[in-house]
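Please read them with the structure open beside you.

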Amino acid sequence: MANKELIEEVGKYIDKYYEPGTDDIRMDEEMKSIFDKITSFRKKRKEQKKQEAPADYETDMSAPAEFDVGSMKKTKITKEMSQTMATNRNIDDLMNQMEETFSQRLLRMIDERGLADSEVYTKAYVDRRHFSKIRKDINYAPNKKTVLAFTIALELSLDEAKDLLRSAGFALSRSSKTDIIVAYFLQNKIYDMFEINDVLYAYGQPVFG
């Protein structure tokens, strides 16, 4: 058994650093202020691109886009992500979902949206072999960046993204600029990987892909 002095030291450490609830990004005044700054930044970037790009360049950065690997170009998504997900699931279904592993939850979300695996892992910049491991191993443990990439590829709401992260043992944290930026795009239903990477890079954060 640990000695009393060590227990007291650990207790002091917990008292000093533990802040319940701070990992969960919520839309309070502080977060709204941060999101407003990102919105302002995006507008400036959009204006810069208008000035730098040729006349026929697509300047509507607010619309979601997907990455066309074959042509290496950004193309507009033509099909809408289903907005009619069932909301009246019974208690048994909800309880089962609470116990889902990351792999189970990810695959269920892909199926519910009627998407092909390749559509999702390509947009998330995850290669086929990596995705195959996720599919085959029910207890696969991804890194946080991979989970965040899938929240964008699946076009999740902020709450859905939190659930997917939680299934992998992660949470959105205010101490992470990457998390805040991704949360901003999810909150505003903007799923353009190019623009997200552009903003991440501008803030000195690692990009996806």
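1. Does serine 173 count as buried or exposed? Serine 173 lies in the loop between H8 and helix H9 (177-187), and at 9% relative accessibility serine 173 counts as buried, where buried means under 20% relative accessible area, exposed over 50% and partly exposed in between, with a 1.4 Å probe and protein chains only. The side chain of serine 173 is joined to that of serine 175 by a polar contact of 2.6 Å, a term that stands for a pair of N or O atoms within 3.5 Å, of which, within protein, one must be able to donate a hydrogen and the other to accept it, while residues adjacent in sequence count only if both atoms are side-chain atoms.

2. On the basis of these comments: this is a predicted model, in which local features need pLDDT of at least 70 and side-chain atom pairs count only at pLDDT 80 or more, whereas totals for chains, interfaces and linings use all residues. Residues are numbered from 1 along each chain as its sequence is written, and side-chain values use heavy atoms, with hydrogens and water left out.

3. The secondary structure of the protein chain comes to 10 helices and 2 strands, and from the N terminus on the elements run α-α-β-β-α-α-α-α-α-α-α-α; helices (H or I, at least four residues) and strands (E, at least two) are DSSP runs, numbered from the N terminus. Buried residues make up 34% of the 209 residues in the protein chain. Among contacts (heavy atoms within 4.5 Å) between residues at least 6 apart in sequence, 67% join residues at least 24 apart.

4. H9 is mostly covered, with 9 of its 11 residues buried, among them Asp179, Tyr184 and Phe185. The buried residues of H9 pack against helix H2 (29-52), H7, H8 and helix H10 (193-202). After H9 comes lysine 189, whose phi is positive, near 55°.

5. The axes of H7 and H9 come within 10 Å and cross at roughly 15°; axes are lines fitted to C-alpha atoms, for helices over the stretch in contact, and angles run from 0 to 180 degrees between N-to-C directions. H7 and H9 are therefore roughly parallel to each other, since angles under 35 degrees count as roughly parallel and those over 145 as roughly antiparallel. In this contact Lys144, Leu148, Thr151 and Ile152 of H7 meet Thr178, Asp179, Val182 and Leu186 of H9. By class, the contact of H7 with H9 has 4 nonpolar, 2 polar and 2 charged residues, where Ala, Val, Leu, Ile, Met, Phe, Trp, Tyr, Cys and Pro count as nonpolar, Asp, Glu, Lys and Arg as charged, and the others, Gly among them, as polar.

6. Helix H7 (residues 144-153) also meets helix H8 (residues 158-167): their axes come within 10 Å and cross at roughly 150°, and H7 and H8 are therefore roughly antiparallel to each other. Lys144, Val147, Leu148, Phe150 and Thr151 in H7 meet Ala161, Leu164 and Leu165 in H8. The residues of this contact of H7 with H8 divide into 6 nonpolar, 1 polar and 1 charged.

7. Glycine 114, which follows H4, has a positive phi, near 65°.

Terms used: Parallel < 35°, antiparallel > 145°, perpendicular 65-115°, else oblique.
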